[in-house]
Amino acid sequence: RDTLRIREVVLFNAVVRWAEAYCLRHNKPNNAENQRKVLDRALYLIRIPLMTVEEFACDVAQSGILTDREVVNLFLYFIVNPKPSVQFPDSPRCCITGKEQVVCRFQRTESRWGYSGTSDRIRFVVDRRIFVVGFALYGSIHGPSDYECNLQIIHTGTGKVLASNDTSFSCDGSPNTFKVMFKTPVEILPNTNYTACATLKGSDSHYGTSGSRKVTVDLHGNGKVTFQFSYAAGCNNGTSVEDGQIPEIIFYT
């Protein structure tokens with residue numbers, strides 16, 4: 001169902017365990033072929049395209065549940081554009097409700113910010129659980145343009161990539177921001193350090209300045225959430241608390 005709040009790889013592994021248990025209860029050989037027969041059409045309700053390619057490669061592709069053709073088609077779906085059609089749904093589950101919220105880091109916009117393949121990064125902490133669905137990014141100073149970009153949210157303490165999306169967006173040359181979304185919402189826990197990353201490929205863009213280290217967002221009847229931002233050291237294209245990219249984080253509560 002659309003309201004199921006679970007990562008697809010976790011759902012896949014749970015479904016496989018159920019099929020294994022079914023085979024054992026009914027004295028059937030516990031192999032991938034019989035597990036597939038038990039699952040039947042229910043297998044195609046798992047939204048495999050929403051997984052990361054690493055999750056697909058490590059769990060699904062090696063399970064033996066899918067046919068060789070399905071595995072090849074899904075690998076192509078993950079790595080090529082335009083993407084081939086697959087038998088598995090690719091629409092995100094609607095696991096969040098309420099109004100879309102945005103936290104804005106900057107007070108002013110300037111020109112120019114360049115890109116050389118290094119990601120722009122900013123660390124953040126919140127004081128209540130939220131679900132990040134995307135970032136708003138600055139676009140070109142040279143008129144209408146297209147950008148290729150990779151978005152990531154990283155658990156700063158462990159370095160684990162919690163979400164990643166290779167996508168693109170178009171801008172109109174204005175200093176406005178432009179939404180770029182993840183495939184599925186990313187759960188952000190309170191009092192935990194995360195790093196927001198955006199790697200852009202395109203022309204020089206606008207950038208934000210006069211940034212705030214602490215921003216509180218009024219949730220209009222549902223309390224407040226406070227973001228605290230800090231510099232993300234390491235391989236960083238220059239974004240900091242004071243200026244740079246990733247001016248807005250889009251989220252739900």
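## A walk from the pocket to the rings

The largest pocket holds about 1,200 Å³ of space. Keep in mind as you click around that this is a predicted model.

**Stop 1: the middle of the pocket.** Select Leu 50, Thr 52, Leu 162, Ala 163 and Thr 184: of the 42 residues lining the largest pocket, these lie nearest its centre. Now colour the elements that give two or more residues to that lining: helix H1 (8–25), H3, H4, strand E5 (145–155), strand E6 (160–171) and strand E7 (177–188). Highlight E6 in particular, as the largest share of the lining comes from this strand, with 9 residues.

What sort of residues line the largest pocket: how many are nonpolar, polar and charged? Colour the lining by type and you'll get 20 nonpolar, 12 charged and 10 polar.

**Stop 2: a tilted ring pair.** Time for the aromatics, with 14 aromatic pairs in the structure. Pick Tyr 44 and Phe 88, whose ring centres are 5.0 Å apart. Their planes sit at 35 degrees, so this pair counts as tilted; the stacked label is for planes under 30 degrees apart.

Tyr 44 is in the loop between helix H2 (32–39) and helix H3 (53–60), while Phe 88 is in the loop between helix H4 (68–79) and strand E1 (101–104), so the pair ties together parts 44 residues apart in sequence. Buried or exposed, these two? Tyr 44 and Phe 88 are both buried.

**Stop 3: a ring cluster and a charge.** Select Phe 124, Tyr 194, Phe 227, Phe 229 and Phe 251, which ring pairs link into a cluster.

For another charge over a ring, jump to Tyr 77. Lys 83 lies over the face of that ring, 5.1 Å from its centre.

**Stop 4: strand E1.** Finish with Val 103, which you'll find in strand E1. Val 103 has 1% relative accessibility, so it counts as buried; the cut-off for that is under 20%. For a sense of distance, draw a line from the C-alpha of Val 103 to that of Ala 57: the two are 35 Å apart in space and 46 residues apart in sequence.

Note on methods: Residues numbered from 1 in each chain as written. Predicted model: local features only at pLDDT ≥ 70, side-chain atom pairs only at ≥ 80, totals over all residues. Heavy atoms only, no water. Phe/Tyr/Trp six-rings, centres within 6.5 Å; stacked < 30°, edge-to-face > 60°. Helix = DSSP H or I, 4+ residues; strand = E, 2+ residues; numbered from the N terminus. Buried < 20%, exposed > 50% of the residue type's maximum accessible area, 1.4 Å probe, protein only. Lys NZ or Arg CZ within 6 Å of the ring centre and 35° of its normal. 1 Å grid on protein atoms, 1.4 Å probe; cavity = no way out; pocket = protein on both sides within 12 Å on 5 of 7 lines; lining within 4 Å. Points joined across faces, edges and corners; volume = space filled by probe spheres on them. Nonpolar A, V, L, I, M, F, W, Y, C, P; charged D, E, K, R; others polar.
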